[in-house]
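Dear colleague,

Please find below the structure I promised to pass on to you. My notes on it follow.

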Amino acid sequence: MQVRRYANAAWKLVRDALFVYATLLKVMVPALLIVKGLEWLGAIGWLGEMLSPLMGWLGLPDAMGVVWAATLLTNIFTGLVVFFEVAGDMSLSVAQVTVLGVLMLVGHSLPVEGAVAKRAGVPWWVTLVLRMGGALALGGILHWVYATGGLLQEAAEIAWRPAPVPEGPLAWGMAQLRTLAMIYLIILGLMVLLAVLRHLRLERLIHLALAPLLGMLGIGRSAANTTVIGFTLGLSYGAGLLIRDVDAGVMNRRDSFLALCFLGLCHSVIEDTLLILVLGADLTGVLWARLLFACLVIFAMARWPDGWLPGRWERTRV
């Protein structure tokens, strides 16, 4: 009887993970194909030219517009590859790399992550305004602080260079298949971890520990687990679980909306932050300033008049 109960529980986790995975695939696969098509049509270069004038306002060379464009349409890793192609022997200060890093960390993978956020209840216009506008705002604040105070003006030391990305449709397709397969394994692992935490009654401790922060941000406790997952591992994983909880009635749409907005500004703080740090960026700027900025923005959003949010959602008491 005990063995059968554990087997049923394991099978339920596998099925739940497949449901979350299938939901993400329906959104991510079309977005990936669209991004690749735009890349072949030269959209990165076109967007880079549009963004170049903004780079001077942030104290960056105009060429960094192409780097941010590649990051916006694809991902941070591709942005790093483009950075090394464009930068060449260009000497950048720690302040400049930190500002560029903030642009890349807040504004990246918009077609894919924006589509996932849309499925979770965040309209496209909110994603674009929040993430591109937030990246420019935080980058501008940091540039002003660094320039005014004469901070971080020493040359940045690059600790690592990514290997060139294989070219060609076949290599790209195989890389995407490997990534998509890994996503399912990660989702399954996360759901097993949550089940173990729930069984050990540690989940409640997580909720209690995060209650003050979530309360300040106007987000209900039901979003605690997925916020932690998205914050540490990535928006897509957190959004996938948010979609599951909203569909199951565990979380209301207002909490989902605010949690997704928070994760849009500050997610995957381990992997993505490490990628930017190897460029020689300052940890205070790319992590702590980003976290503080995200908290302030969501704090303000949660306290605007109720009618401004998409839909008529009730305010959640924490």
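In this predicted model, the buried residues of helix H4 are Ile 76, Gly 79, Leu 80, Val 81, Val 82, Phe 83, Phe 84 and Ala 87. They pack against three helices: H3 (64-73), H5 (94-106) and H13 (271-277). Helix H4 itself runs over residues 76-87 and has 12 residues. From its first C-alpha to its last it reaches 16 Å, close to the 16 Å expected at 1.5 Å a residue. At the start of H4, Asn 75 brings a side-chain oxygen to within 3.2 Å of the backbone nitrogen of Phe 77. Just after H4, a positive phi of about 55 degrees is found at Gly 88.

Ile 298 counts as buried because its relative accessible area is 0%, under the 20% limit. Beyond its neighbours within four places in sequence, Ile 298 is in contact with Leu 217, Ile 219, Leu 258, Cys 261 and Phe 262. Between Ile 298 and Cys 266 there are 11 Å in space, C-alpha to C-alpha, and the two are 32 residues apart in sequence.

Finally, the surface carries a nonpolar patch of about 490 Å², made by Val 192, Val 196, Leu 200, Leu 202, Leu 205 and Leu 208. Helix H8 (169-199) and helix H9 (203-217) are the elements that give two or more residues to this patch. Leu 202 lies in the loop between H8 and H9 and is partly exposed, with a relative accessible area of 35%.

With kind regards

Methods. Residues are numbered from 1 along each chain as its sequence is written. This is a predicted model: local features need pLDDT of at least 70, side-chain atom pairs count only at pLDDT 80 or more; totals for chains, interfaces and linings use all residues. Side-chain values use heavy atoms; hydrogens and water are left out. Patches are made of residues with over 30% relative accessible area and no salt bridge: like charges are joined within 9 Å, nonpolar side chains (Val, Leu, Ile, Met, Phe, Trp, Tyr) within 5 Å. Accessible areas come from the Shrake-Rupley method with a 1.4 Å probe; for residues, only the protein chains shown count as cover. A salt bridge is a side-chain nitrogen of Lys or Arg within 4 Å of a carboxyl oxygen of Asp or Glu. Helices (H or I, at least four residues) and strands (E, at least two) are DSSP runs, numbered from the N terminus. Buried means under 20% relative accessible area, exposed over 50%, partly exposed in between (1.4 Å probe, protein chains only). The expected span of a helix is 1.5 Å times one less than its number of residues. Contact means heavy atoms within 4.5 Å. A polar contact is a pair of N or O atoms within 3.5 Å; within protein, one must be able to donate a hydrogen and the other to accept it, and residues adjacent in sequence count only if both atoms are side-chain atoms.
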